[in-house]
Amino acid sequence: MERKARLLVLLLALWTATVASAKLVVEMEPQRLTCEDMANPTTIETRVPRFSWINTPLSDTLKGKTQTAWQIRVASSAKKLAKGKADLWDSKKTVGNDSYLVCYFGKPLKSGQEAWWQVRVWDERGVVSGWSKPACFGVGLDAKDWKAQWIGAPWQGEKATTDDSIAPMFRKEVYLKDKVSKAKAYITAMGFFELYANGTRVSDDCLVPGFTNFTRREGLDKANIPISDRFRDYRVLYLAYDITDLVQKGENALGVLLGNGWANPSHRLMAPFGSPRFLCQLDITYANGRRELVVTDESWLVKESPIRHNDIYSGEVYDARLEEPLWASVGCNTSGWQHAVLRKAPDGKLTAQDAPVDKVLETLRPTSLTHSKTGEWTVEFDHEVSGRIHLRGISGQAGQQLSIQYVCESPLGVDKYIFKGEGKEEHAARFTWYVFSKAVITGVEHLTPDMITAECIGTDVPVDARFFTSDRLLNQINTIWQQSQTDNMHCAVASDCPHRERAPYTGDGQVACPTVMENFDAAAFYRKWLRDMRDTQNVDDGYVPNGAPWQPICGGGVAWGAAMNIIPWELYVHTGDIQVLRENYFAMKEQLRHMQQSITPEGIMFQQKTSPEGQPLYWLNLGDWSPAFGLPKDELVHTFYLWYCAELTARAARVLEDHTFNGMNVVEDSYTFRELAQRTREAFHRKFYDAEVKSYGDFGSNVLALYMGVPDSVKADVVRTLEHEIADTYKSHLNTGIFGTRFLFEVLCANGLSELALQVLRQRDFPGFGNWIAQGATVTWEAWDGSNSHNHPMFGGGLVSLYRDFAGVRIDEKKPGYRHVVIRPFLSPSLPRVGYEKMTPYGLLRSEVRREGENYRLTVTVPVGTTATVVLPNRAPETLSQGIHTLMCAR
C-alpha cells in the first residue's frame, strides 16, 4: 500500500508539472507593428503617436484567444531597447485588450527625435508572450528648427511658365569633420524631387512629396471652374531619409534632381502654384555627440540636367549626352554650374508626410514583343498599369532618339530618350507616369523581352483583402476594379483617371471609399486626403470643392463636397479610430452649413452655384454622373446627399458624445442633425413620390429613396416598382450612374432581391461590368458605353455589396473597426461558393461558404480580440470568438 501511495503521489506530481508546463506555453505573439498605421515611419507630425500590433495565434487549432494585458516599451536608440532600457516610456503591464492605436504616454518627444519600440502581451491564461521584434518611428521637426532656405534655378522665375520644362540638378559638397554617428536628411519640394548622396539615390520613393494645397494662387475665381481662394489652410509635406550609411568623414556631396510635379503642370485647365523649388536640411550627429546642419542656400550649385522636358501631362525627354556621372559625387567639374537662387517660401505649413508615398508597386514582363518591317517594336503586357516602361541594356548611336508611344484611349505625354552612344544604356522616366498595357517603341535596333519591364507606380496602399467565388466573372470584376483603383492613387490622393485629367475628384473618392476600405490598407492614405479636403474648405461658407487639393479642372456638384461627411464616417467604421471624427467633425458641420444654404422652402436641396456672370454653372451643380440611360433629377440627388450627410454627421456627433468630445455641443448637434435628416427624408417623399405610378422616378431614383428610407405605407410598392424597373424594363441590367450604382446592389439585397442583384452583376452586354471585360478591359471604365476614359474606379462603389451581401461580412457600426462583424452569407445554388477575407486591425477575418449537396458549409476565421455573429437559415444566431469555426446549415 505504501508503495502504491508513493507511486500515486509521483504520478500526481508529474501530472501537475505537465499541466503547469502546458499553461506556460506561449500561444500567441504580437506581430505587424505599426505607428500611426504605418510600418516604421521615418517622420510623423504628431508628438503623441499611436501604436498598433496584431496578436497572432501560433497554431490554427487554437480558439478563444484574447489579450488581457499589454506592455509597450519605447527607447531613444535601438541599442537601449535591445538592453531593455526604455528611457522614453515603459507602460508596465497594462490591463486591457487594446491593440490598435494605443496612445504613447511617455516623456515628451523632441523635434527630430527617433524612437524604437516593442510590445508584449498577456493572454486569457495570464501567459505573457516574448517581446515583439523592434519597430521604429521618427518625429518631425518643429517650425523653429527649420534653418534651410527655399532655393531654385536662376533661369526660372518665381511664377510658373511653360518654358520651365528642363529639370535642374543641384549639388552641394560637404566636408564632415569627424566620424558620423547619424545623418538624417529632411527634404521637400514644390514639385518632385530625387535626393542623392555621394552618387547614390537615397530612396526608391517616386513622385514625392505628396500633392497638397501648396500655396495661394491668383486667378482661381476667374478659372474654367471658378471658386474663391478662401481656403482654410495651405500645406507642404516633407520627408526624412536616414543617409548615415551613404556619408563618411571627409568630403561628401549631396545632389537633388527637381521636377515640375504638381507645382507647374502644363494642362490648360490646371492652375500652377509656381516654379519648382526645394528645401533640404541635413542633420549630422558626430560620434562625439556634436551636431552640424547642412542646409539649402545660395551656396548650392545648379545646372540644367539631361531631363530636357518634364511635365505630369506632356511627358518627359531625356538626353543622355548631357549626363555628368559625378554630378552628385565628390570630384565633379563644376565649371559651367551656377549658384542657386533663393525662392519665396510657399504659404503652406511644413508638415511631415505621415502618409504613404509612391513606389514601384508591381513589375511586369512582356507577354509579347513583335518587330515590324518599318523598325517598330510593339510590346504588350498582361494588364493595364499606371507607370512607365523601364528599358535596360539598350544601345544606339550618339544622338539617336528612342521613343516610347504608350497606346491609350486618352492622350498621354511623350517618353523620349536620346542615346549617349557609349555601351549599354538604361532608361525610365522619372517625373511623370503613363497608362498602358501596350506600347510602340522606335529608335532602337535591338530589343529582347528581358530588356523590358513595365513598372506600376502608385501610392503604396497595399491590397489587404480577397474576394473569391465560384463565378469567374465576379472575380474578374473585383480584380479589374482593384487594378483601376491602384492605377488612380498617386501622390497620396485618389484621382478620377490616371491619364486624361489625373485630378483628385472628391466625388469619385467618396463613392468608391467603402470599397477601397474593404480592399486596401488605406487608413493613413485617407487621413492625409481628408486633411487636404479640410485645407481646401472655404472659411466663409463651408464649401468643400469638387477636388482636393483644388484644381479648376474638377467639375462636380453636391455629391462631391459630400466627401467631407462620408469619408470620415467610413474611415471611422472601418478602423474604429475616434480621432478621425475629432479631426473632421468641424469640417463636417461646416459642409452641412454650406449645403443648407441651398434648401428651398419645400425642404428640398437644389444647389445652383453661379459663374462670375451670375448664371448657374453646370460644372458646379451636377447630380449623378455617367448614366447608363439617363440621369435622375439633380435636385433629387442633391436632396439625397443632404439627408446622407446630415445622417452621418448625426451619427458622428453621437459617437463623440459617448467619448466626451469637448469643444462642441455634440449632444445638441446629434439632435439637430437627426432632425434635419428626418425633415429632409419627409420633404424628399413629398416632392418626388408619384403615388399613381408608385415610384420616385427612374435611373436610380427608387434606389436612393429606399436607401434613405420611405414610409412603411409605400415601401412594398416601391420595392415592386424597382424590381419591375430592373428585371423587366431594363432586362435585368442596371440603369444607374455612379451614385445610383453605389447603392443599387445593397438596396436590392436588403429588399429580398439578391438573385436579381446577382443577375445584374453577371450581365455581359451593355450596360454592365461584364460588357467591359468582354471588350478586353483589365480596369474599370468611366462610362457603361465605353466612351471617355477607360480607367476610372468610381463605379467600384457598388461592389461593396460583394463583400457585405454575397460574402455577407458586415461591420457592426456600434463596435467599429471589425471589433464585431455580422456574417450573413448569400446561400443559393446560383452561387455555390463565395468568400471574403480581410486583414483587419486585429488580424485576418475570413468567411467562406460552400454548397455541399443540399447543405452549406460555412468556415469562419475570427481574429484575436474580435467576435463574429453568424446568421444562417434554420439556426439561431451564433456569436464566435477567435479561432477557425465550421458551421453547417440547410437553405
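The legends below describe close-up views of a predicted model.

**View 1. Helix α14 and its surroundings.** Helix α14 spans residues 754–761 and is mostly covered, with six of its eight residues buried. The buried positions are Ser754, Leu756, Ala757, Leu758, Val760 and Leu761. These buried residues pack against α3 (472–487), α12 (712–729), α13 (738–750), α15 (769–774) and α16 (800–806).

**View 2. Gln763 in the loop between α14 and α15.** The loop between α14 and α15 holds Gln763. Gln763 has a relative accessible area of 18%, and it counts as buried because the cut-off for that class is under 20%. Leaving aside residues up to four places away in sequence, Gln763 touches Leu473, Lys731, Ser732, His733, Gly770 and Asn771.

**View 3. The salt bridge between Arg762 and Asp471.** The side chains of Arg762 and Asp471 form a salt bridge, with an N to O distance of 2.5 Å. Arg762 sits in the loop between α14 and α15, and Asp471 in the loop between β32 (465–469) and α3, so the pair ties together parts that are 291 residues apart in sequence. Arg762 is partly exposed at 27% relative accessibility, whereas Asp471 is buried at 12%.

**View 4. The salt bridge between Glu158 and Arg343.** In the pair formed by Glu158 and Arg343, the closest N and O atoms are 3.9 Å apart. Glu158 is partly exposed, with 33% relative accessibility, while Arg343 is buried, with 12%.

View 5. Asp532 and Lys528 meet through their side chains in a salt bridge of 2.6 Å, N to O. Both residues lie in helix α5 (residues 523–535), four residues apart, which means that about one helical turn separates them. Residues three or four places apart in an α-helix point the same way, because the helix has 3.6 residues a turn. Asp532 and Lys528 are each buried.

**View 6. A network of salt bridges.** Glu518, Glu570, Arg742, Glu746, Arg804, Asp805 and Arg810 are joined in a network of salt bridges. A search of the whole structure finds 69 salt bridges.

**View 7. A patch of positive charge.** Lys79, Lys83, Lys85 and Lys179 gather on the surface in a patch of positive charge. Lys179 lies in the loop between β10 (168–176) and β11 (180–190). With a relative accessible area of 58%, Lys179 is exposed.

Terms used. Residues are numbered from 1 along each chain as its sequence is written. This is a predicted model: local features need pLDDT of at least 70, side-chain atom pairs count only at pLDDT 80 or more; totals for chains, interfaces and linings use all residues. Side-chain values use heavy atoms; hydrogens and water are left out. Patches are made of residues with over 30% relative accessible area and no salt bridge: like charges are joined within 9 Å, nonpolar side chains (Val, Leu, Ile, Met, Phe, Trp, Tyr) within 5 Å. Accessible areas come from the Shrake-Rupley method with a 1.4 Å probe; for residues, only the protein chains shown count as cover. A salt bridge is a side-chain nitrogen of Lys or Arg within 4 Å of a carboxyl oxygen of Asp or Glu. Lys and Arg count as positive and Asp and Glu as negative; His and the chain ends are not counted. The place of a charge is taken as NZ of Lys, CZ of Arg, CG of Asp or CD of Glu. Helices (H or I, at least four residues) and strands (E, at least two) are DSSP runs, numbered from the N terminus. Buried means under 20% relative accessible area, exposed over 50%, partly exposed in between (1.4 Å probe, protein chains only). Contact means heavy atoms within 4.5 Å.
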